[in-house]
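Here are my notes on the two-chain model, for you to check in your viewer. I've kept them to the contact between the chains and a few backbone spots.

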Amino acid sequence: MTAPAPPTQLQTSFILREYLRPQMLPSTWCPGCGLGIILSSIAQAVHFRGLAKDQVAMVSGIGCTGRMSGYADFNTLHTTHGRAPAFATGLKLARPELTVITVMGDGDAMSIGGNHLVHAMRRNLGLVAVVVNNSVYGLTGGQLSPTTPVGGHTTTARAGSFERPMNLEALARAAGAAFFARATVNHSFGLTKMVERALSGPGFALVEVISNCHVLYGKMNETPEAAGMMMAMDANTVRSNPTLQRRARLPVRLTDAETPAVPAADARPLAGVQTDTRLRRGVIFERRGRVDYSGRYYAQSAPPGDDEAA
Amino acid sequence: MTHIAFMHGNEAAAEGAVAAGCRFYAGYPITPSSEIAEILSGRLPEVGGVFIQMEDEIASMAAIIGASLGGLKSATATSGPGFSLMQENLGFAVMSEIPCVVVNVQRVGPSTGLPTKAAQGDVMQARWGTHGDHPIIALTPSSAQETYHLAVRAFNLAERFRTPVILLMDAIVAQLKEKVEVPDPASLQIVPRAAPSVPPADYKPFPFARGEVGPLAVFGQGYRYHVTGLLHDEHGYPTEDPAVVSAWWEHMATKLDAHLDEILAWEEVQLADADLALVAYGGTARAAAHAVTLARSEGIKLGLLRPITLWPFPEEAVRRLAGQVRGFIVPELNLGQIRYEVERLSAGRVPVEGLHRADGLQITPDQIVSAARAAHARDQA
Ligand SMILES: Cc1ncc(C[n+]2csc(CCOP(=O)(O)OP(=O)(O)O)c2C)c(N)n1
Ligand code: SF4
Ligand SMILES: [Mg+2]
């Protein structure tokens with residue numbers, strides 16, 4: 001019952017200004033920050049999906065990323081640190097016809113708000129989440145984040161982080177999110193496409209966006225320029241091709257009780273074959289027959305049908 | 001039609017909420033409040049509402065704010081430890097002026113304390129639990145019947161003043177089953193969610209009209225605006241401009257104060273000729289009311305002031321009494337939270353004595369009468 005409305009008219013030329021609040025500009029973001037690209041991509045995705053601004057809500061947490069909701073001309077809710085998915089859950093249940101996009105930083109989504117994110121993914125209400133992963137706490141001045149890579153320097157890990165970074169992809173899979181994609185601010189066309197894909201189906205759809213905080217993380221890690229960090233995104237990621245990957249190895253299923261257990265493929269790399277350590281971008285997984293459980297919260301909802309057991 | 005039911009306070013709170021128009025509940029189970037969630041999980045879908053059990057109390061508070069912005073009257077219920085977890089987002093609701101109702105059924109704290117025993121230890125947490133100065137409303141019932149009415153009133157006040165309202169119960173009232181006259185729904189005064197009357201271009205979501213609140217537009221109905229926990233101007237945009245910040249405070253600080261006659265509620269039992277006054281509330285006030293009868297049969301002119309709105313506190317009533325009686329006794333299931341208020345308001349004019357316990361047991365009428373006898377004897381000496 002909560003599938004986003006189909007495009008009403010063919011959307012053509014995109015004018016970013018129409019999706020911004022001029023009275024809130026200039027933004028508080030540093031010049032060159034990837035957040036501007038992400039805001040623009042979200043606006044484009046909404047535009048090309050043909051969604052009316054009145055029918056879109058943006059719910060953000062706290063952080064540089066959290067500030068995004070103030071700049072976007074939707075129904076916007078700038079919440080508390082980490083809690084955006086919980087606010088969004090209440091809003092979505094009250095107004096299922098709204099397209100609700102949550103926007104969170106890496107600390108917001110995976111540290112203080114980790115539990116809310118996990119449960120939002122598990123519930124699979126029709127929410128879209130954009131998680132901006134810049135490997136650092138931007139707003140508070142460059143502290144360690146749950147995604148800081150091992151060895152990465154931050155103001156609270158001066159000799160380099162030694163904690164294992166969070167694997168959002170595995171987390172999303174385990175929690176049962178319907179859709180997971182990864183994009184970078186260097187591949188903005190792909191980023192827009194991934195947000196469009198996230199907007200176009202039911203269930204909880206998460207897009208992880210690799211972004212640059214050259215001003216803090218970059219400076220502490222020998223990439224003080226935005227351009228350098230963007231170039232690294234190109235070198236360190238590779239386009240995901242789910243079909244090829246499916247063929248190459250059986251998909252990992254962590255919690256899907258409905259799926260019969262399949263023996264894991266031999267995970268040992270073939271002798272002499274170099275494994276690709278680059279992060280994949282694009283659609284990483286999408287559950288077939290994607291489910292939206294929102295209807296179950298309303299008394300008049302039909303009992304779950306077969307297609308929900310994906 | 002009015003009908004008679006036999007219910008405990010938690011049930012009365014749930015039924016009162018439904019009658020008041022509550023259509024969204026998000027919560028996390030905790031003794032002694034869980035019955036409210038259990039009942040509403042069945043009742044809300046019956047009336048077209050939504051129930052959701054969240055991952056914790058932080059999320060519960062967040063979800064009811066989100067749902068309220070979506071136009072549904074919303075509530076959550078919890079007890080001490082959960083109430084602590086709600087404080088961050090409770091402050092968000094104050095800051096962003098979003099109506100919602102939080103039921104806190106108090107038990108003995110701090111921490112896990114005595115989970116199944118009644119207490120009144122969250123009085124000050126209800127007042128000052130979230131950080132920063134802020135106005136707040138907290139209502140405290142003494143019976144299942146009153147719980148029903150105060151639940152309705154909590155939603156009305158939340159809508160009227162665009163503020164979170166706390167229904168501060170104790171386990172005595174929450175778990176005591178007694179007769180409740182359930183009023184005919186048509187006889188109840190219900191404050192509906194006000195809708196803006198101006199076109200979106202002229203709409204100010206957070207007007208700074210000293211002591212007045214404007215209507216809160218529902219998300220998705222054409223009024224696109226920004227809601228933030230940052231200090232903001234009338235349009236909701238964050239600001240650090242000291243002039244705007246002062247104007248905001250002017251509005252926030254006077255929001256309730258300008259309407260005390262509309263908000264304040266208390267009951268006076270045999271105070272007209274009293275020369276000794278009890279100040280008691282919630283479950284404890286039941287023992288206090290009985291103590292008044294017992295003491296009077298011994299010739300002690302005892303009376304009772306029973307605050308129903310704990311916050312704002314009925315200050316004038318206490319000040320007035322301080323000029324009439326020769327002393328106050330404050331029985332409460334904590335170590336003196338309302339006693340401090342009474343001391344502050346009587347400002348040294350008459351002695352204020354506390355009768356406190358936080359060991360999980362209740363204060364009996366006899367204990368109160370003994371305290372009254374002692375005070376009386378002192379006065380006669
Ligand atoms: C409860 C709470 N704790 C701490 C903070 C301080 N704080 C604000 S933003 C932030 C981290 C932001 O990092 P991230 O989520 O990665 O967002 P970014 O700024 O990098 O976009 C912290 C710790 C807060 N606002 N609230
Ligand atoms: S501190 Fe970093 S994340 Fe924040 S705006 Fe500046 S560059 Fe972007
Ligand atoms: Mg970050």
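Predicted model: local features only at pLDDT ≥ 70, side-chain atom pairs only at ≥ 80, totals over all residues.

**Notes on the contact and the backbone**

1. Leu77(A) sits opposite Val227(B), a residue of β10(B). The strands involved are β2(A) and β10 (residues 226–228) of chain B, which pair in the parallel sense over three bridges.

2. Now the whole contact: chain A puts in 34 residues and chain B 35 residues. On the chain A side, α2 (68–71), β2 (75–78), α3 (84–94) and α5 (114–123) each give at least two residues.

3. Two cis peptide bonds in chain B deserve a look. One links Gly109(B) to Pro110(B), with omega about 5 degrees; Pro110(B) is in the loop between β5 (100–108) and β6 (114–118) of chain B. Another links Trp311(B) to Pro312(B), with omega about -10 degrees, and Pro312(B) belongs to the loop between β14 (309–311) and α11 (315–322) of chain B.

4. Then there's positive phi. Most residues other than glycine have a negative phi. Glu222(A), not a glycine, has a positive phi near 60 degrees, and its place is the loop between α8 (214–220) and α9 (226–236) of chain A. Glu222(A) counts as exposed because it has 8 C-beta neighbours inside 10 Å.

5. Arg162(B), also not a glycine, has a positive phi of about 45 degrees. You'll find Arg162(B) in the loop between α6 (144–161) and β8 (164–170) of chain B. Is Arg162(B) buried or exposed? Buried, because it has 24 C-beta neighbours inside 10 Å.

Key: Residues numbered from 1 in each chain as written. Chains lettered and ligands numbered in written order. Contact = placed C-beta atoms within 7 Å. Helix = DSSP H or I, 4+ residues; strand = E, 2+ residues; numbered from the N terminus. Pairing = 2+ DSSP bridges. Buried ≥ 20, exposed ≤ 12 C-beta atoms within 10 Å, placed from the backbone.
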